Amino acid sequence: MIKTLKGAEKKILLNMLDDYIDHIEKTNNKSLLARIYGIFTVKTNYFDPLDIIVMQNTSLLESKSNPKMIFDLKGSTVNRKEHLDTKFWKNSLNQKKILKDLNYLEISQDLNLLSMNIDDKETLEKILELDSKFLEMHKLMDYSLLLIIE
């Protein structure tokens, strides 16, 4: 995925790059943070320089045609619900809207969305904790967990 960088984003990313690499190594490459493949400036004679980042696409799907639910989870309940007309999950898991934290809580009352053994749960919690501490250390607050259930 290619994303344009605005303002001070490039400087912030470059300043934290060594810590980012250390973090990825410390988590044995299990961090849930998107992998950064490169930060570049595109220069031409025709327009102003453009800073871009090349990073991992974190939404790899088995098949685009499979039914799926996508959640953008922030660990908050404030303004964290997407309005839905029906309880679609009673009939199909397919939903085009990006769902939020309160949607996840509502749907998980009817469906067992995440089922994992205790070791996997503890590993996931540890990785999320390490990722959160890394982001906090760099004063990066807007962190979401993109959860895709296919």
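Analyst: A term to begin with: helices (H or I, at least four residues) and strands (E, at least two) are DSSP runs, numbered from the N terminus. On that basis the protein has three helices and six strands.

User: What pattern do they follow along the sequence?

Analyst: The pattern is β-α-β-β-β-β-α-α-β.

User: Before more detail, what should I know about the model and the numbering?

Analyst: This is a predicted model, in which local features need pLDDT of at least 70, side-chain atom pairs count only at pLDDT 80 or more, and totals for chains, interfaces and linings use all residues. Residues are numbered from 1 along each chain as its sequence is written, and side-chain values use heavy atoms, with hydrogens and water left out.

User: OK. What box do the C-alpha atoms fill?

Analyst: Roughly 55 × 40 × 30 Å, taken along the principal axes.

User: And what share of the residues is buried?

Analyst: Of the 150 residues, 27% count as buried. Buried means under 20% relative accessible area, exposed means over 50%, and partly exposed is in between (1.4 Å probe, protein chains only).

User: Which strands pair with β3?

Analyst: Two strands pair if DSSP finds at least two bridges between them. Strand β1 (residues 2-4) is joined to β3 (residues 50-55) by three bridges, and the two run antiparallel. Strand β2 (residues 36-42) is also antiparallel to β3, with six bridges.

User: Which residues stand opposite each other there?

Analyst: Ile 2 is opposite Val 54 in β3, and Ile 36 is opposite Met 55 in β3.

User: What about β4, β5 and β6? What order do they take?

Analyst: They form an open sheet of three strands in the order β5-β4-β6, with mixed pairing. β5 and β6 are at the edges and each has a single partner strand, so one side of each has no neighbour in the sheet.

User: Is the β4 and β5 pairing parallel or antiparallel?

Analyst: Parallel, over two bridges. Phe 71 has Leu 99 in β5 as its bridge partner.

User: Switching to α2. Which residues in that helix are buried?

Analyst: In helix α2 (residues 101-110), the buried residues are Asp 101, Asn 103, Tyr 104 and Ile 107. Seen down the axis of α2, these buried residues fall within an arc of 150°, so they line one face of the helix. The arc is that of the directions from the helix axis to the C-beta atoms.

User: What do they pack against?

Analyst: The buried residues of α2 pack against β4 (69-73), β5 (98-99) and β6 (145-149). Packing here rests on contact, which means heavy atoms within 4.5 Å.

User: Take Asn 103. What is its relative accessible area, and what is it in contact with?

Analyst: Asn 103 has a relative accessible area of 0%, so it is buried. Leaving aside neighbours within four places in sequence, Asn 103 is in contact with Phe 71, Arg 80, Lys 81, Glu 82 and Leu 84.

User: Now the backbone. Which residues other than glycine have a positive phi?

Analyst: Asn 28, with phi near 55°, and Lys 139, with a phi of about 55°, are among them. Most residues other than glycine have a negative phi.

User: Where do those two lie, and are they buried or exposed?

Analyst: Asn 28 lies in the loop between α1 (9-26) and β2, and is exposed at a relative accessible area of 60%. Lys 139 is in the loop between α3 (118-137) and β6, and is exposed too, at 70%.

User: How far is Lys 139 from Asn 66?

Analyst: The two are 37 Å apart in space, C-alpha to C-alpha, and 73 residues apart in sequence.

User: And Gly 75, where is that?

Analyst: Gly 75 is in the loop between β4 and β5. Gly 75 is exposed, with a relative accessible area of 77%. Its C-alpha is separated by 8.1 Å from that of Ser 144, a residue 69 residues apart from Gly 75 along the chain.

User: Last one, charges. How many positive and negative side chains are there?

Analyst: There are 22 positive and 23 negative side chains, and the centres of the two sets lie 4 Å apart. Lys and Arg count as positive and Asp and Glu as negative, while His and the chain ends are not counted. The place of a charge is taken as NZ of Lys, CZ of Arg, CG of Asp or CD of Glu.
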